[in-house]
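Dear colleague,

I am handing over the structure we spoke about, and it is placed directly below.

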Amino acid sequence: MAVKVAAAFIFMLFLLSTACQAKLSSAFYDKSCPKAESAIRTAIRTAIARERRMAASLIRLHFHDCFVQGCDASILLDETSSIQSEKTAGGNNNSVRGYEVIDKAKSKVEKICPGVVSCADIIAVAARDASAYVGGPSWAVKFGRRDSTTASRTLANAELPAFFDRLDRLISRFQKKGLTARDMVALSGSHTLGQAQCFTFRDRIYNASNIDAGFASTRKRRCPRAGGQANLAPLDLVTPNSFDNNYFKNLMRNKGLLQSDQVLFNGGSTDSIVSEYSRNPAKFSSDFASAMIKMGDIRPLTGSAGQIRRICSAVN
């Protein structure tokens with residue numbers, strides 16, 4: 001009897017230990033690598049100072065990582081005989097950027113704390129620091145994620161939101177990740193910093209009825225009916241280099257560049273959220289930070305799962 005009780009007690013301790021391991025914490029590296037955040041921040045600020053557009057790219061990189069297999073840095077893995085890289089998925093190929101910035105940050109951290117800080121955590125910090133650098137909100141990043149040893153181009157093709165998605169499809173995609181419609185609208189607000197390639201908005205500027213005529217005309221100059229596939233246009237014409245709420249003001253004027261943007265304000269269930277954020281930048285900023293924290297909690301690998309990659313683009 002005593003043996004059974006002791007065994008049960010040990011099992012309960014194991015469960016408690018596992019639960020503790022699975023929790024992310026902003027204090028995770030306080031003892032093992034206390035200078036990690038400052039080292040990452042230096043690399044991120046340097047990159048954005050060189051190219052302002054990189055801020056949007058790093059926020060998007062975190063988003064595209066977390067939506068496929070969870071926040072596990074699977075998006076950083078290069079193609080090998082056993083790995084189908086997510087970098088070449090439809091929503092990522094020749095579109096997602098910032099890989100080299102994460103590599104640079106990882107290199108800095110490895111010099112001070114080799115084999116301690118995960119690439120997944122570096123992506124999360126990079127997104128936060130990118131937001132703060134261009135005038136957006138900051139937040140306490142929780143740490144303890146580990147890096148995946150696998151990637152899935154198939155999942156990336158299936159689960160990443162697309163520029164042609166309808167509102168119900170977008171809401172469904174986010175709900176499957178534990179994010180609400182409000183989270184989705186708030187996260188979409190980071191598009192105020194982004195740019196889009198011509199092929200993603202050509203159909204809208206030439207064929208949509210819910211688009212401002214002057215806005216469409218301006219966009220056609222850089223996006224002809226044929227050719228110019230990769231020509232870039234800012235998603236926010238007014239303040240493309242600053243994190244603000246102009247994105248939502250643009251939607252209310254039918255100046256959303258992508259279909260997946262304008263559906264957020266097109267007579268549907270998210271109209272009221274867009275309207276609220278257009279009037280209340282502080283509320284948008286607060287909700288964006290909260291949504292980023294929630295997104296960073298999507299299915300992280302913790303404890304002994306996965307690994308801490310020494311090089312972010314390859315499994316150890």
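Helices H7 and H8 are roughly perpendicular to each other, because an angle from 65 to 115 degrees counts as such, and their axes cross at roughly 100 degrees while coming within 9 Å. On the H7 side the contact is made by Leu167, Leu170, Ile171 and Phe174, and on the H8 side by Ala181, Met184 and Leu187. By class, these residues are seven nonpolar, no polar and no charged.

Please bear in mind that this is a predicted model. The average pLDDT of the protein chain is 93, and 93% of the residues score at least 70. The stretch to treat with caution is residues 1-21, where the pLDDT is below 50 and where the model shows two contacts beyond near neighbours in sequence.

As for the overall build, the protein chain has 14 helices and two strands. Its radius of gyration is 21 Å, close to the 20 Å that the globule rule gives for 316 residues, so the chain is as compact as a globular protein of that length. Taken along the principal axes, the box filled by the C-alpha atoms is roughly 80 × 40 × 40 Å.

The crossing of H3 and H14 is left-handed. Ile59, His62, Phe63 and Cys66 of H3 make this contact with Phe288, Met292, Met295 and Gly296 of H14, a set that divides into six nonpolar, two polar and no charged residues.

With helix H5 (residues 119-133), H3 packs at an angle of about 145 degrees, and the axes of the two are 8 Å apart; this crossing, too, is left-handed. From H3, the residues Ala55, Leu58, Ile59, Leu61, His62 and Asp65 meet Ile123, Ala124, Ala126, Ala127, Ala130 and Ser131 in H5. The contact of H3 with H5 has nine nonpolar, two polar and one charged residues.

Notes: Residues are numbered from 1 along each chain as its sequence is written. This is a predicted model: local features need pLDDT of at least 70, side-chain atom pairs count only at pLDDT 80 or more; totals for chains, interfaces and linings use all residues. Side-chain values use heavy atoms; hydrogens and water are left out. A crossing is left-handed if the near helix is turned anticlockwise from the far one by less than a right angle, and right-handed if clockwise. Helices (H or I, at least four residues) and strands (E, at least two) are DSSP runs, numbered from the N terminus. Contact means heavy atoms within 4.5 Å. Ala, Val, Leu, Ile, Met, Phe, Trp, Tyr, Cys and Pro count as nonpolar, Asp, Glu, Lys and Arg as charged, and the others, Gly among them, as polar. pLDDT is the predictor's confidence in each residue, from 0 to 100. The radius of gyration is taken over C-alpha atoms; the globule rule is 2.2 Å times the number of residues to the power 0.38. Axes are lines fitted to C-alpha atoms, for helices over the stretch in contact, and angles run from 0 to 180 degrees between N-to-C directions. Angles under 35 degrees count as roughly parallel, over 145 as roughly antiparallel, 65 to 115 as roughly perpendicular and the rest as oblique.
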